[in-house]
Amino acid sequence: MSEKTDIGILRELGKEYAEIAHLPIQQERVGLWEKLNGLRPERPMVMIDQLPINELATPGDGQLDILCEDKLLRGVEYAMRFDLMRWRNYGGDMVILPYVECPPAMSSTGGFRHLNSTTHLKLDETSDVSSQHYDDVIVDEDGLKKITDPVITHDAQETERRMGLLREIFDSILDVRQGGIVMSGNVWDSISILRGVGTMLEDMIDRPEFVHKLVDRMFWVYRSTYEQYERLGLLDARPKYVHCTGAFTKELPKAGFDGTARICDTWISTMAQMFSTVSPTMDKEFQLDYVEKYFGDAGLIYYGCCEPLHDRIHLIKRLPGVRKLSVSPWADVERSAEQLGGGIVMSRKPNPAYLAFETFDEDVIKKELNETIAACRRHGTPCELILKDVSTVRYKPDRLRRWNEIAMELALA
């Protein structure tokens with residue numbers, strides 16, 4: 001297939017994308033997300049993300065068939081087709097805006113990502129989901145030397161070439177913007193991959209001084225990486241999403257913004273998922289204190305993921321800029337809503353396992369969503385319903401459509 005054919009594919013796709021992006025509902029939803037993130041919600045917001053791509057489309061049905069040959073253009077095509085598929089089938093409150101993001105030409109060396117030794121076990125070879133075993137590659141203080149200084153490189157000339165190509169392709173159809181980085185401080189996820197969860201839990205008790213050295217080093221690597229993105233002008237000042245939720249806000253970027261995003265101008269998501277079995281006191285010592293030290297100057301913070309946090313919200317609330325807090329399927333919703341009140345958005349994560357059972361039970365889904373909405377209304381807590389981490393829908397994507405319909409009906413009630 002020729003470059004000319006690739007261009008024709010994207011121009012036609014761009015026209016379809018632009019038609020949807022210019023619908024009035026897009027700006028209406030931007031406004032709803034801004035109100036939610038500004039703690040003045042009109043209603044619960046709904047989003048579906050992190051899906052089993054292999055189960056969502058049938059080859060040949062056109063939804064996710066990637067036709068371009070050029071590597072860059074294939075990535076752009078995939079992003080657009082995935083957005084359109086979600087929009088048509090289970091879009092929730094997602095927003096499609098009239099521009100295409102151009103990925104910047106950047107690379108990284110150093111750090112720690114080259115160190116992990118992982119064994120994967122899959123039940124479905126077509127899926128990205130797997131069970132994983134991690135070998136301990138940092139067993140002592142000598143191992144800390146393996147974690148080197150990260151170096152981020154940006155090929156501005158190549159980025160401009162890409163921008164020019166996409167501007168030519170989407171001329172008079174869609175704007176083209178340089179894509180940016182949304183900060184993600186999932187430091188403990190990275191530590192668990194380098195050492196294994198059990199090893200780290202034992203060392204927090206038996207070798208706390210060593211753990212502190214490791215954690216401090218890892219947080220420093222993350223901070224150094226994002227400071228380099230900042231200097232290179234690669235941070236995203238106006239992201240659409242943060243950790244699978246709408247990121248639209250009138251509070252960012254902050255005063256003094258000159259067009260190049262600083263760390264203080266944007267969101268960061270951070271978490272310590274393996275701390276599900278760690279006490280609040282140890283959470284503060286080994287995670288929250290480091291978040292404040294290294295990212296207390298971030299514009300806004302999205303905190304948490306799958307770990308239940310209802311017994312340590314009082315500690316998390318002390319972090320500057322916390323605006324959203326994840327309430328996972330294993331958290332106490334009532335306790336969480338009561339503590340969050342009107343000061344932090346409850347980012348409720350309904351249980352994705354309900355889409356994986358042999359029988360799809362709508363009553364169970366309605367009950368879970370209704371309990372969340374009712375608890376948040378009792379305590380005046382802003383709320384979003386975020387279905388994510390969906391490992392399987394048993395090759396029945398209609399379950400996602402129905403979940404979306406139920407959630408939207410309840411959110412609009």
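Predicted model: local features only at pLDDT ≥ 70, side-chain atom pairs only at ≥ 80, totals over all residues.

Biologist: Okay. How many residues are in the largest nonpolar core?

Modeller: It has 85 residues. Those with the most contacts inside it are Trp-188, Tyr-226, Leu-400 and Trp-403.

Biologist: Which helix gives the most to this core?

Modeller: Helix α7, residues 208-231. It gives 10 residues.

Biologist: What does Trp-188 touch?

Modeller: Leaving out residues up to four places away in sequence, its partners include Met-200, Met-204, Val-211, Val-215 and Phe-275. Gln-287 is also among them.

Biologist: And what lies apart from that core?

Modeller: Another core, of 40 residues. Trp-33, Cys-68, Leu-73 and Met-163 are among them.

Biologist: New topic: helix α1. Which of its residues are buried?

Modeller: Among them are Ile-7, Leu-10, Leu-13 and Tyr-17. Seen down the axis of α1, the buried residues fall within an arc of 165°, so they line one face of the helix.

Biologist: What covers the buried residues of α1?

Modeller: The cover includes α2 (24-37), α3 (71-90), β2 (99-102) and α4.

Biologist: At what angle do α1 and α4 pack?

Modeller: About 65°, with their axes 9 Å apart. From α1, the contact uses Glu-3, Ile-7, Leu-10 and Arg-11. From α4, it uses Leu-165, Glu-168 and Ile-169. By class, that makes four nonpolar, no polar and three charged residues.

Biologist: What span should α1 have?

Modeller: At 1.5 Å a residue, its 19 residues should span 27 Å. The end C-alpha atoms are 26 Å apart, which agrees.

Biologist: Now the backbone. Which peptide bond is cis?

Modeller: The one from Leu-252 to Pro-253, with omega near -5°. Pro-253 sits in the loop between β10 (245-246) and β11 (267-270).

Biologist: What is phi of His-243?

Modeller: Near 50°, a positive value in a residue other than glycine. His-243 is in the loop between β9 (241-242) and β10.

Biologist: Why does His-243 count as buried?

Modeller: Because its relative accessibility is 17%, and buried means under 20%.

Biologist: And where is Asp-389?

Modeller: In the loop between β15 (383-387) and α12 (398-412). Asp-389 has 35% relative accessibility, so it counts as partly exposed.

Technical notes. Residues numbered from 1 in each chain as written. Heavy atoms only, no water. Core = buried A, V, L, I, M, F, W, Y, C linked by side-chain atoms within 4.5 Å. Buried < 20%, exposed > 50% of the residue type's maximum accessible area, 1.4 Å probe, protein only. Helix = DSSP H or I, 4+ residues; strand = E, 2+ residues; numbered from the N terminus. Contact = heavy atoms within 4.5 Å. Axes fitted to C-alpha atoms, helices over the stretch in contact; angles between N-to-C directions. Nonpolar A, V, L, I, M, F, W, Y, C, P; charged D, E, K, R; others polar. Expected span 1.5 Å × (residues − 1). Arc of directions from axis to C-beta.
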